[in-house]
Amino acid sequence: MFSICTDPAALDGLNWLSCYLTTTKHMQLYYAVATVLLLLGITAPAALAFGFGGAMAARSHLLPVRWFGKSYISVVRGVPDIAFFLFFVIALDQAFEWMRHQVLCPDWDQPIRQGNDFVVCQAAKLPLGTAPQWVHETYGFFLAVLTFAIVFGAFAANVLFGAMRAVPRAQIETAEAYGMTRRQSFWRILVPQMWVYALPGLGNLWMVLIKATPLLFLLGVEDIVYWARELGATANPRFTDYPHGDWRMWYFLGLMVFYLGFTKVSEVFLEKLMLKLSHGQATTGGEAQRKAKA
């Protein structure tokens, strides 16, 4: 297949298209698709962990911890995602460099803040200027995952906090009557039962997270939308062996099909998971399953 691509001008039809879709830039597009899927695969459990921690903090009996949890939920949810991404990535990067600067350059005698500039010693830079390209890309991806996890973790915390409160109080009282401690009733009674109440909200949050992946470009990651725009733009014969007109409509149509297909698969999976979690629960879904088997 690749041997016929040495002279694209002599190709036509499917041969031209197959060679065109295997160019270096298209490989970058496929790599961006894999990056998005990897981001979702890592961010979803990370955001859920942040959310669970935030929900536990918001319902803590310790006032400072409860204030911290509720402040995290309120502040992050109240700031537009795009503004938070623009601010938080810079803040995270500078915080990491500041900590490295304090350890690696204790003899530094100049202010770090110099007007609008943030200046640290070269050894504290993240990543180092001499680092290979994959280190820069990995660091950018790490910042993206952490930022997405913190932002969507706040929304997950709000969902889980509400789900914890939705579990009937009688369930907890019964556990306590049987001699369970507060910790035991939380992990054995509250947490297993809260998921059926949390899943609809978490499912919506998963859909929003999928749709938010194009915001990766704000974090310096070349995402699917970036490459679709680049590849779909008019290609001049002077600069490429595969000239074409404005094909952005077709590339963005492909993106729409990709996202719609992904969300449809997610809906099917979430529906099956909801049926599984509702089994035996004292909810409308669980009662419907009980009557169907009767």
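Select Met249, Trp250, Leu253, Met256, Val257 and Leu260: together they make a nonpolar surface patch of about 650 Å². A patch here takes residues with over 30% relative accessible area and no salt bridge, joining nonpolar side chains (Val, Leu, Ile, Met, Phe, Trp, Tyr) within 5 Å and like charges within 9 Å. Areas are Shrake-Rupley with a 1.4 Å probe, and for residues only the protein chains shown count as cover; a salt bridge is a side-chain nitrogen of Lys or Arg within 4 Å of a carboxyl oxygen of Asp or Glu.

Before moving on, a word on what you're looking at: this is a predicted model, where local features need pLDDT of at least 70 and side-chain atom pairs pLDDT 80 or more, while totals for chains, interfaces and linings use all residues. Numbering runs from 1 along each chain as its sequence is written, and side-chain values use heavy atoms, leaving out hydrogens and water.

Now zoom in on Trp250, which sits in helix H9 (residues 248-278). Helices (H or I, at least four residues) and strands (E, at least two) are DSSP runs numbered from the N terminus. Trp250 is exposed, at 54% relative accessible area; the cut-offs are over 50% for exposed, under 20% for buried and partly exposed in between, with a 1.4 Å probe and protein chains only.

Next, pick Cys105 and Cys121, whose sulfur atoms lie 1.8 Å apart in a disulfide (a pair of cysteine sulfurs within 2.5 Å). Cys105 is in the loop between helix H4 (81-104) and strand E1 (113-114), and Cys121, 16 residues away, is in the loop between strand E2 (117-118) and helix H5 (133-166). The link is right-handed, with 75° about the S-S bond, and both cysteines are buried.

Stay in the loop between E2 and H5 and click Val120. Val120 counts as buried because its relative accessibility is 4%. Show its contacts (heavy atoms within 4.5 Å): beyond residues up to four places away in sequence, Val120 touches Glu97, His101, Trp108, Ile112 and Lys125.

Last stop: Thr43 in helix H2 (residues 24-58). Is Thr43 buried or exposed? Buried, with a relative accessible area of 0%. Setting aside neighbours within four places in sequence, Thr43 is in contact with Val145, Phe148, Ala149 and Leu209.
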